[in-house]
Amino acid sequence: MADYARNRMFFASSTTLMLVVAAYMSFSLLWHEPVPMGWRIPLTILLFLVSQTITGMRVLITWRPDLPFSLVRIGGFISSSFMVLSWIVILRDALLALTFAFSLFVPQLESAEDVIFSVLLSPAAEWIMLAASIAAAGFGMARALAVPSVKRVDVPLQGLPKDLDGLTIVHLSDLHIGSTFTGAWLEEVVRRTNELTPDFILITGDLADGRPERIGSLLRPITKLRARFDVVISVGNHDYYSGLRRWVETWRSWGMTVLLNEHRKYEVNGRNVVIAAVTDPCAVLFRSLDESMGAPDARKALEGAGEGLKVLMSHRPGHAEQNAAFGCHLQLSGHTHGGQFFFLFPLVSRLNGGFRSGLYRAGSMPLYVSPGTGMWGYVPMRLGVGAEITLLTLRRADPIVPQKPTYRGKIGA
Ligand SMILES: [Fe+2]
């Protein structure tokens, strides 16, 4: 259990953060407003309870691993609604603060300030905020739970041999089977992926939320994935939380290729193609894992790879520029879920080295960051970014010219 100490610490800090958010919201919505005293205390308790939905679901699933998915989804809907409501409340309060600040410098605006304050602080406005949060969470959840469609992306690669021009890779990431998605959802993802008849299928981590004995049968459809050369798995942080060693053994017993700081070579149209993968940085937090499952090491992963096209799978995109310096020609990553909600995009970009979703240039190589095929089920909501099954087609390009450099050398629109 010591291995999970840091994971528990993460949940302790997120639980505390949610309590702080609940305290702020109860002050802003209930104690700062003309809400009848008889309502204030029970509604404050309700807000604090709702803020702990994610923690509650985690505890419940640990205690009852066979918890019905419908119950998990209800929990996910509540946590999503809470998250949207907190964002709306913060936005409203920021607007009030700005209005107040303006009125200090421009006294003529005082009457406008009165109107804005009376409208935004009225009980009707609070009901509208609550209804908007529930509606947005419902819409975002419907988007998040749908089977993703295929997104086709051409990847320009400098100096790509003619024989490899047109090589196809289906990139899947962040399936998160077990926390919301079921085997039926995965069956459909597998069907849509196989229809693309790709050369490779690369899955960049976070496949499982739960242990093999609980959700192994739900994840088993990945064994039906078919590619011309191989289906390769690299690991993500959630795979560690669920017991990585057991998962790696399970996937390998299913005949899947799992790469942990190592590579495999393939001959494609007479050319050497190297698929390499690094582990996840959270490996260092899980002490019982042996050296072969140690910290991510791109140099080690590529050791002895020789000449050829080198594709690196790394769950997190943050170190792409350093990986390019090790001789990688293309990196595939996930982890970000595309930011999940538009109001988190700047934060998620910042936490991931400036990479959130899509095709970027990182040093000398392209980097594709998948917004996720699935997503973490305790906040199953997508607003402003969809899930995807990504079909990458490698194209000769010399040199790589970003068409519309946006954020950190993003390639294309
Ligand atoms: Fe993930």
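Reply: Let's start with Phe-343, which counts as buried because its relative accessibility is 17%, and the cut-off for buried is under 20%. Phe-342 has 40% relative accessibility, so this residue counts as partly exposed. Keep in mind that you are looking at a predicted model. Phe-342 and Phe-343 form an edge-to-face aromatic pair, with 5.5 Å from centre to centre and 85 degrees between the planes. Ring pairs also join Phe-342 and Phe-343 with Trp-87 and Phe-341 in a cluster.

Now find Phe-355 and Tyr-360. Their ring centres are 5.1 Å apart and their planes meet at 75 degrees, so this pair is edge-to-face. Phe-355 is buried, at 0% relative accessibility, and Tyr-360 is buried too, with a relative accessible area of 2%. Across the whole structure, a search finds nine aromatic pairs. A ring can have a charged residue over it as well: Arg-356 lies over the face of Phe-345, 3.7 Å from the ring centre.

Next, look for the iron ion. Its protein donors are Asp-174 (OD), His-176 (NE2), Asp-206 (OD) and His-337 (NE2), lying 2.1 to 2.3 Å from the ion. The angles among the four donor atoms run from 89 to 169 degrees, and the site is irregular.

Finally, turn to strand β9, residues 330–333. In a regular strand, side chains alternate between the two faces of the sheet. You can follow this in β9: Leu-330 and Leu-332 point one way, Gln-331 and Ser-333 point the other way, and all are buried. Which strands pair with β9? One of them is β8 (residues 309–313), which pairs with β9 in the parallel sense over three bridges. Here Leu-330 in β9 is the bridge partner of Val-311. Between β8 and β9 the chain passes through helix α12 (residues 320–325), making a right-handed β-α-β crossover. Strand β11 (residues 365–369) also pairs with β9 in the parallel sense, over three bridges. There you can see Ser-333 standing opposite Val-369 in β11.

Conventions. Residues are numbered from 1 along each chain as its sequence is written. This is a predicted model: local features need pLDDT of at least 70, side-chain atom pairs count only at pLDDT 80 or more; totals for chains, interfaces and linings use all residues. Side-chain values use heavy atoms; hydrogens and water are left out. Buried means under 20% relative accessible area, exposed over 50%, partly exposed in between (1.4 Å probe, protein chains only). Helices (H or I, at least four residues) and strands (E, at least two) are DSSP runs, numbered from the N terminus. Two strands pair if DSSP finds at least two bridges between them. A crossover is right-handed if, with the strands pointing away from the viewer, the path from the first strand over the helix to the second runs clockwise. Donors are N, O and S atoms within 2.8 Å of the metal (3.2 Å for Na, K and Ca); water is not among the atoms, so sites may look incomplete. Four donors count as tetrahedral if all angles lie between 85 and 135 degrees; four count as square planar and six as octahedral if opposite donors are over 155 degrees apart and all others between 65 and 115; anything else is irregular. Rings of Phe, Tyr and Trp (its six-membered ring) pair if their centres lie within 6.5 Å; planes under 30 degrees apart count as stacked, over 60 as edge-to-face and the rest as tilted. A charge sits over a ring if NZ of Lys or CZ of Arg is within 6 Å of the ring centre and within 35 degrees of the ring normal.
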